[in-house]
Amino acid sequence: MKTRGQQGSGGRGGDDRSGRPRRPSRDPARNAAYDVVRAVDERDAYANLLLPRLLRERGIKGRDAALATELAYGTLRGLGTYDAIIEMCSDRAPDPDVRDALRLGAHQLLRMRVPPHAAVGTTVDLVRLRIGQGAAKFVNAVLRKIGSRTLEEWVPIVAPDPADDPVGHLAVAYGHPRWIVSAFRDALGSSDEMAELLDADNARPLVTLVSRPGRSSVEELLDAGALPGRYSPYAAYLREGDPGQIEAVAETRAAVQDEASQLVALALTRVPVGGDGDELWLDMCAGPGGKAGLLDAIADHGDLAGLRSEADRRAAGDDASRPGTSDGGTRSDTPGSGAGSPAAGGGMRSDVPGAFPGGARVLAADVQYHRARLVWQTTRSASVVTADGTEPAWRPGVFDRVMLDAPCTGLGALRRRPEARWRRDPAGIADLGKLQRRLLETALDAVRPGGVVAYVTCSPHLAETRVVVGDVLARRKDAEQLDARAYLPEVEALGDGPHAQFWPHRHGTDAMFLALLRRTS
Ligand SMILES: C[S@@+](CC[C@H](N)C(=O)[O-])C[C@H]1O[C@@H](n2cnc3c(N)ncnc32)[C@H](O)[C@@H]1O
């Protein structure tokens, strides 16, 4: 059924046949999307928090909810592109409230399959209702100009020539700030995959679930309607629906967690740490607890998907009721070797090194109390403290494994927060870099000789990844870098090493970085 906003608005700017303005329609989806875009623009709201609240409060469901989500998130992602086109089509700079409506209309015209007359008509209606008749006329004129060309036709007009300025071209064509395009290109090492990467960064990711070993199983998630994950033995994808409705998630036996986040935690547990026991792990920047939740379950029950036989799994406590015990005999001492590798056992994964058998304890720390509380809520056995990792509340040299998931720009997870790319500020990278170096130093101090540190960022920016690791290693004689890719043999195309770099376009994950460092003395 057509809305009133769509009826009769084809190319007439929302006037009826007599030329009188029609009564504007109340279009709940578009009004909600407009409110979200305004709130993000005006008061730095977070779209992913505000939109679900508005939908709930206004009783917007089903197709209307899906439309509001696509309108709000898609508009926010594409702001850079739309603003360049709006500027080209306007004879004056629009007021912010009018500009937000134009962005919403441009998204419908250029990237959604909304018929042009409906995209223009409904936006003009909205502006007439929310702002006024004068603004509605202006919006009608600008949107009609925008609708006269496709996005592919607009890009060469508004973006710099790719031959002169390839980064500037990609920034406008794919709606990313220029400095982020540069950072991605530097981390990828060439421009070859940039279009695919930026495209993947503009797509809404599937919700990925993790089944925490010993507490739930992937089968349980599949039974609840999820699809099997691509790499992680604990992952499942949710195509639609609220993950909180899944029993295992509601009971924190499973959780929402990107597959790369699962894999970097798993990789840390797979590195052999030599003969001094493997009992105490530290998650130094644990809040809100995604990786701590998985590490806590593996520490308790073992890497159940990687253990080589039923007997190993039973020894590690493959049930949801008890913490695991370690018999210390099932881990491989070298990545990929037969002993302890699932290949040697009965039909488990054939390519996974060093599955941890269970029986460790986790200390999880975060500098912020409220984030430490979230860790406490999501873990079962871990001890949780509020502590500054740069001024350790623990003795040095006592941990067998340390996860340092460092505070970072989050450039690797831009697909999750539609407006995030426009909020990040490159000026903060220098200060973050100082903190990241200090945290990595204290992480190396915390681990015993033979033990291992995972340095992780949800950013591929070189200044937060390779440069930090390289600087710290250059200063310390007591640490060496391992080839992280060897501990993730199930994942292809992780880069030239020795670190592992995930990418949305290659792996369908966030652009997570992992370096594994062993304390040598
Ligand atoms: C990238 S997040 C960690 C995400 C978490 N590992 C997970 O998987 O859910 C970084 C965390 O580091 C914490 N943090 C920042 N500075 C810190 C410090 N000096 N010591 C300990 N934690 C810190 C932040 O509060 C934030 O919760």
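Begin by selecting Cys-458, which sits in the loop between strand S9 (447-457) and helix H20 (466-475); helices (H or I, at least four residues) and strands (E, at least two) are DSSP runs, numbered from the N terminus. The model is a predicted one, in which local features need pLDDT of at least 70 and side-chain atom pairs count only at pLDDT 80 or more, whereas totals for chains, interfaces and linings use all residues. Residues are numbered from 1 along each chain as its sequence is written. In an unreviewed entry, UniProt lists Cys-458 under "active site"; UniProt positions are given in the numbering used here, feature names are shortened, and annotations may be inferred rather than shown by experiment.

Is Cys-458 buried or exposed? Cys-458 counts as buried because it has 25 C-beta neighbours inside 10 Å, where buried requires 20 or more other C-beta atoms within 10 Å of a residue's own, exposed 12 or fewer, and partly exposed a count in between, with C-beta atoms placed from the backbone. Leaving aside neighbours within four places in sequence, Cys-458 is in contact with Cys-408, Gly-410, Gly-412, Ala-413, Asp-510 and Met-512, a contact being a pair of residues whose C-beta atoms, placed from the backbone, lie within 7 Å.

Next, display the ligand together with the 20 residues around it, of which Cys-285, Gly-287, Gly-290, Gly-389 and Asp-405 come nearest; a residue is near a molecule if its C-beta atom, placed from the backbone, lies within 6 Å of it. Helix H15 (290-301) and strand S6 (361-366) are the elements that give two or more residues to this shell. By residue class the shell divides into eight nonpolar, seven polar and five charged residues, with Ala, Val, Leu, Ile, Met, Phe, Trp, Tyr, Cys and Pro counted as nonpolar, Asp, Glu, Lys and Arg as charged, and the others, Gly among them, as polar.

Stay with Gly-287 and inspect the backbone, where the peptide bond from Gly-287 to Pro-288 is cis, with omega near 5°. Pro-288 lies in the loop between strand S5 (280-283) and H15. Another cis peptide bond runs from Gly-497 to Pro-498, with omega near 0°, and Pro-498 belongs to the loop between strand S10 (479-482) and strand S11 (500-501). Most residues other than glycine have a negative phi, and most peptide bonds are trans. Ala-493 counts as partly exposed because it has 13 C-beta neighbours inside 10 Å.

Now colour the largest nonpolar core, a set of 105 residues in which Ala-267, Leu-404, Ala-454, Leu-514 and Leu-516 have the most contacts; such a core is a set of buried Ala, Val, Leu, Ile, Met, Phe, Trp, Tyr and Cys residues joined through C-beta atoms within 7 Å. Helix H14 (residues 259-270) supplies the largest share of this core, seven residues. A second, separate core of 42 residues includes Ala-33, Val-40, Leu-104 and Ile-146. Returning to Leu-404, its contacts beyond four places in sequence include Met-284, Cys-285, Ala-454 and Val-456.

Within helix H14, pick Gln-262, which counts as buried because it has 27 C-beta neighbours inside 10 Å. Beyond its neighbours within four places in sequence, Gln-262 is in contact with Val-210, Ser-232, Tyr-234, Ala-235, Gln-257 and Leu-294.

Finish at helix H7 (residues 133-146), whose 14 residues reach 20 Å from first C-alpha to last, close to the 20 Å expected at 1.5 Å a residue, the expected span being 1.5 Å times one less than the number of residues. Which residues of H7 are buried? They are Ala-136, Phe-138, Val-139, Asn-140, Val-142, Leu-143 and Ile-146, and what covers them includes helix H4 (79-89), helix H5 (96-110) and helix H6 (116-130). Zooming out, the protein has 21 helices and 12 strands, and buried residues make up 51% of its 521 residues.

Technical notes
Contact = placed C-beta atoms within 7 Å.
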